[in-house]
Number of protein chains: 2
Amino acid sequence: MDAPDPFQSAPDETHTEIMHATYAALRKHGYADLTIQRIGAEFPKSKSLIYQHYDGKDELLVAFLEFLLERLEADVPTDGFSDAREHLQELLDHSLPESPESDHTEFMSTVTELRAQAAHDDAYREQFTRTDDFFREHIADIVRRGIEQGVFRDVNPEQTAAFIATTIYGAQNQRATTNSDDPILAARRELEEYVRIRLSAAESET
Amino acid sequence: MDAPDPFQSAPDETHTEIMHATYAALRKHGYADLTIQRIGAEFPKSKSLIYQHYDGKDELLVAFLEFLLERLEADVPTDGFSDAREHLQELLDHSLPESPESDHTEFMSTVTELRAQAAHDDAYREQFTRTDDFFREHIADIVRRGIEQGVFRDVNPEQTAAFIATTIYGAQNQRATTNSDDPILAARRELEEYVRIRLSAAESET
């Protein structure tokens, strides 16, 4: 066959396009009303390509979740911080921005919807367990470095990281599922107070 | 008509039975695969009664969400605490038990699944906003009373309550959607440390 077959010649590109179509369909219809038909409507190429790649909606969605969580993990700020306090602050700004862009809100809203499926689906549950482990371990590394640098107190890095990650998940979840942003901003301010009081070596509660 | 009509004679009982059938079907199939058919299979009376009460699945599920959140709110420990510290501790034990009963886990897992629908459904979003307001205000009341009693420091009750509620939501969400309980227990321990360091009037960070 001389003519290029998009599936053979650029599998990554087609895969990425299917993922983007899935994202667009999820945003438009929500998880409960998602169908291959609706994903196909967002896909610029022949719909048969979707079936060439995936056996059905369930298989496609597990691949999509992996794609989404890889992006989530890749976006976490990791490099270029000499000071652990700055690194942690940047992580809070990134995960829980005060004035989130609509892209961020939509992305986190989609993650929230998919996370809820883990209540019923072991494949989702495993993926979110892995992503949570990654995020929490990343925070624990920052805390450990801060202790080594002498800018953080000698706290338990794992316990501190579990707490910070949990608060961030709670705030992201509230942002995706409620109408008022004030309690989320208040929680964020108090999280910064916690970091100051509990972690910062130079501070003491008065 | 002499024979008792269950819909006329005991509307509350029928309503409650429909709600229990919905809960059982949700536990079994998950939100995305829920149908009136499947709810009917869990309902001990004639399925036509379900259609007499509700126009369809969407209307039934909004009523179910209200039923579920009323139970959630009614279960929050509110009375019989003279000491605000004890009251707050009881609230943490209740919301985030160290060894949750399977009933508790299933209930919170169902709440988690329904909460995620709020990412796409305004009726759900309003209900969860209201429930979150109730829970956060309840915590703020405890904090206010603790400050009056002199057992808590003079913190900002709203900000403190928003933070505690957010952490609890995050932990409940993780418990419903991941496989490992250790990070959740670690977050809970750190939440208790936070309460001790930030709130307790007698303590100071060393």
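Modeller: Buried here means a relative accessible area under 20%, exposed means over 50%, and partly exposed lies in between, with a 1.4 Å probe and protein chains only. Of the 206 residues of chain A, 52% count as buried.

Biologist: What kind of model is this, and how are its residues numbered?

Modeller: The model is predicted, and local features need pLDDT of at least 70, side-chain atom pairs count only at pLDDT 80 or more, while totals for chains, interfaces and linings use all residues. Residues are numbered from 1 along each chain as its sequence is written, chains are lettered from A and ligands numbered from 1 in the order in which they are written, and side-chain values use heavy atoms, with hydrogens and water left out.

Biologist: Why is B:Q174 called buried?

Modeller: Its relative accessibility is 4%, so B:Q174 counts as buried. The residue sits in helix 9 of chain B, residues 157-177. Helices are DSSP runs of H or I with at least four residues, strands are runs of E with at least two, and both are numbered from the N terminus.

Biologist: What is B:Q174 in contact with, leaving aside neighbours within four places in sequence?

Modeller: Contact means heavy atoms within 4.5 Å. On that criterion B:Q174 is in contact with A:R115, A:D132, A:T166 and A:Y169 of chain A, and with B:I184 of chain B, once neighbours within four places in sequence are set aside. As for distance within its chain, the C-alpha atoms of B:Q174 and B:R85 are separated by 26 Å, and the two are 89 residues apart along the chain.

Biologist: How do you know that the copies meet through the same surface?

Modeller: Of the interface residues of chain A, 100% are also interface residues in chain B, so the copies meet through the same surface.

Biologist: Why is B:H138 called buried?

Modeller: A relative accessibility of 10% is what makes B:H138 count as buried. B:H138 lies in helix 8 of chain B, residues 122-149. Apart from neighbours within four places in sequence, its contacts are B:V76, B:P77, B:T78, B:H87 and B:L91.

Biologist: What makes A:I147 partly exposed?

Modeller: The relative accessible area of A:I147 is 22%, so the residue is partly exposed. A:I147 belongs to helix 8 of chain A, residues 122-149. Not counting residues up to four places away in sequence, A:I147 touches A:F152, A:R153, A:D154, A:V155 and A:P157. A:S200 is 53 residues from A:I147 in sequence, and their C-alpha atoms are 9.4 Å apart.

Biologist: Why is A:H20 called partly exposed?

Modeller: A:H20 has a relative accessible area of 44%, so it is partly exposed. A:H20 is in helix 2 of chain A, residues 11-29, and is in contact with A:F67 and A:R71, leaving aside neighbours within four places in sequence. A:H20 and A:F67 are 47 residues apart in sequence and 9.8 Å apart in space, C-alpha to C-alpha.

Biologist: Why does B:A24 count as partly exposed?

Modeller: At 26% relative accessibility, B:A24 counts as partly exposed. B:A24 is part of helix 2 of chain B, residues 11-29.

Biologist: How many helices and strands does chain A have?

Modeller: Chain A has 10 helices and 0 strands. Its C-alpha trace spans about 70 × 40 × 30 Å along the principal axes.

Biologist: Which residues of chain A does the "DNA-binding region" annotation cover?

Modeller: The UniProt annotation, from an unreviewed entry, covers residues 35-54 of chain A. Over residues 35-54 chain A is 60% helix and 0% strand. Another annotation in the unreviewed UniProt entry, "domain: HTH tetR-type", covers residues 12-72 of chain A. Over residues 12-72 chain A is 75% helix and 0% strand, and the end C-alpha atoms are 19 Å apart. UniProt positions are given in the numbering used here, feature names are shortened, and annotations may be inferred rather than shown by experiment.
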